[in-house]
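Look at the model first, then follow the paragraphs below.

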Amino acid sequence: QVQLVESGGGLVQAGGSLRLSCTASGSTFSLITMSWFRQAPGKQRELVALVNSGGSTNYAGSVKGRFTISRDNAGNKVYLQMNSLKPEDTAVYYCKLDVWAGPGANYWGQGTQVTVSS
């Protein structure tokens, strides 16, 4: 009933910028958290940034000051503006939707590859 689709990944040089987007379709929700995770080869999947229904945000220490998460007014899209990219940011980036109302549910996107070259 819910599908998340990420876009905006690609290859960029160190110091450059990318903007990822995630669109949720199929259902509408109110009490939700939308977040970005990433997973590099051989590493655990880690939380990068999140934004909740009230607009509060949180960031991993490794990206704070460089990345910005935001939502559109309808709440069905979330973005990740990534500036001052480093090779260490290379990973598959995943969008996640957490629904807190009712029985609760979570959904994952398929992921988008971000590669930062030296």
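In which strand is V51 found? V51 is found in strand β5, residues 46-52; helices (H or I, at least four residues) and strands (E, at least two) are DSSP runs, numbered from the N terminus. This is a predicted model, in which local features need pLDDT of at least 70 and side-chain atom pairs count only at pLDDT 80 or more, while totals for chains, interfaces and linings use all residues. Residues are numbered from 1 along each chain as its sequence is written, and side-chain values use heavy atoms, with hydrogens and water left out.

V51 has a relative accessible area of 4% and is therefore buried (under 20% relative accessible area; exposed is over 50%, partly exposed in between, with a 1.4 Å probe and protein chains only). Apart from neighbours within four places in sequence, V51 is in contact (heavy atoms within 4.5 Å) with residues including I32, M34, I69 and V78. D89 is 38 residues from V51 in sequence, and their C-alpha atoms are 20 Å apart.

S35 sits in strand β4, residues 32-39. Its relative accessibility is 3%, so S35 counts as buried. Beyond neighbours within four places in sequence, the contacts of S35 include L47, I69, Y94 and C95.

C95 also takes part in a disulfide with C22, S to S 2.1 Å (a disulfide is a pair of cysteine sulfur atoms within 2.5 Å). C22 belongs to strand β3 (residues 18-25) and C95 to strand β9 (residues 91-99), so the pair ties together parts 73 residues apart in sequence. The torsion about the S-S bond of C22 and C95 is about -80 degrees, which means the disulfide is left-handed. Both C22 and C95 are buried.
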